[in-house]
Amino acid sequence: MPQPLIFRENGTFTIVQFTDIHWKDNGERDQSSRQLMEDVLDHEQPDLVVFTGDVIYTGPVSEGSPACTDAIAAFQAATQAVAARGIPWAAVFGNHDTESLVTREELLEAVLRLPHTVTQRGPVGVHGAGNYSLTVQDPAGQAGYRLFFFDSGAYSPLPQVNGYDWLRDDQIAWYREESRRLQEEGGALPALAFFHIPLPEYQEVWETRTCYGHMYETKCFAPEVNSGMFTAMLEMGDVVGTFVGHDHVNDFWGDLHGIRLCYGRATGYNTYGKEGFPRGARVIRLWAGEREFETWLRLADGTSVHQQPEHLPGAAG
């Protein structure tokens, strides 16, 4: 039986987002990733950890190092720092988790057997593996916040479209129906959404709104096809924040029409990075009875960053 997610007596619920760990072979870089996670957990004492994809690396040779050789063992090793503490954790897959060695369905089956996970299989017949929702309860056992998780896929399925996959029509339809059902059962509660590949609106918010943080990539590597998930969230009225990874040296957030579009901070040392841009994690704090949330970064050196630099529309960098 999955562990219940419950606000603390002081009304807080803290989530740590680890993203793009790219765990491979338990080598030196992986141990650095583990140490970073241990340190973040020590500092933040979260109530839930969310892994937003590319937990492991099963792709081609990267930075002189091949992929992992046992995907299931690598995933267990990558999440062990959290599981060993008995902290509930949830995961979604990225584009590198199942490029070889294992299918998404096989990896999900293995994830569901790991200790302390609250990851769910999700509805059968909906595209991807692991589209699901969780509820954070108040101390009295009443629903207080919703969490949605989506499998954002890997690469474009169409030869005429370059780049990355997009959230499909049936995933959007499932979200709309699940959101409607939950609102009918428990009222109009605020929600967060977690997935790996950013929506196209991440580029829009960077270009048209005041944002906070950095975009060191050449762009947001979102799908070239906009399938309408942001519109669905806007119309359903519950999601107040989305959290993604994928772009390892982007860490900004910005508000678009009342939804805060947030990047995590890349956690893993088996990934490309940028000098002066240390690995880390994003932290999210919810308050019972409130739609608003706090978010900050916890970096590898122990620093917490609550005020990221402001970026104005049209400004360079």
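Predicted model: local features only at pLDDT ≥ 70, side-chain atom pairs only at ≥ 80, totals over all residues.
Reader: Why does Asn226 count as partly exposed?

Author: Buried means under 20% relative accessible area, exposed means over 50%, and partly exposed is in between (1.4 Å probe, protein chains only). Asn226 has 45% relative accessibility, so it counts as partly exposed.

Reader: What does Asn226 touch, and what makes that a contact?

Author: Contact means heavy atoms within 4.5 Å. Not counting residues up to four places away in sequence, Asn226 touches Pro200 and Glu201.

Reader: Which side chain makes a polar contact with that of Asn226?

Author: The partner is the side chain of Glu201, at 3.0 Å. A polar contact is a pair of N or O atoms within 3.5 Å; within protein, one must be able to donate a hydrogen and the other to accept it, and residues adjacent in sequence count only if both atoms are side-chain atoms. The side chain of Asn226 also reaches the backbone nitrogen of Gly228, at 3.1 Å.

Reader: Why is Ser133 called buried?

Author: Its relative accessibility is 12%, so Ser133 counts as buried. Ser133 lies in strand β5 (residues 132-137).

Reader: What does the side chain of Ser133 make a polar contact with?

Author: The side chain of Glu178 is the partner, at 2.7 Å. Glu178 is also in the contact list of Ser133, which leaves aside neighbours within four places in sequence and includes Gln120, Leu147, Phe148, Trp174 and Leu182.

Reader: Is Leu108 buried or exposed, and how do you know?

Author: Leu108 has 4% relative accessibility and therefore counts as buried. Leu108 is found in helix α3 (residues 104-112). Beyond four places in sequence, Leu108 touches Phe93, Thr119, Gln120, Arg121, Ala129 and Gly130. Leu108 and Thr119 are 11 residues apart along the chain, and their C-alpha atoms are separated by 8.7 Å.

Reader: What is the phi of Asn26, and what is that of His246?

Author: Asn26 has a positive phi of about 65° although it is not a glycine. His246, also not a glycine, has a positive phi of about 80°. Most residues other than glycine have a negative phi.

Reader: Where do Asn26 and His246 have their places?

Author: Asn26 is in the loop between β2 (12-18) and α1 (28-44), and His246 is in the loop between β9 (239-244) and β10 (253-256). At 43% relative accessibility, Asn26 counts as partly exposed. His246 has a relative accessible area of 7%, so His246 is buried.

Reader: Why does Ser304 count as partly exposed?

Author: Ser304 has 30% relative accessibility, so it counts as partly exposed. Ser304 is found in strand β14 and touches Trp296, Leu297 and Arg298, not counting residues up to four places away in sequence. Ser304 and His43 are 261 residues apart in sequence and 9.4 Å apart in space, C-alpha to C-alpha.

Reader: How does the radius of gyration of the protein agree with a compact globule?

Author: The radius of gyration is taken over C-alpha atoms, and the globule rule is 2.2 Å times the number of residues to the power 0.38. With 317 residues, a compact globule would have a radius near 20 Å; the protein has 18 Å, which agrees. The C-alpha atoms fill a box of roughly 50 × 45 × 40 Å, taken along the principal axes.

Reader: How many helices and strands does the protein have, and what percentage of its residues is buried?

Author: The secondary structure comes to six helices and 15 strands. Buried residues make up 56% of the 317 residues. Among contacts between residues at least 6 apart in sequence, 71% join residues at least 24 apart.

Note on methods:
Residues numbered from 1 in each chain as written. Heavy atoms only, no water. Helix = DSSP H or I, 4+ residues; strand = E, 2+ residues; numbered from the N terminus.
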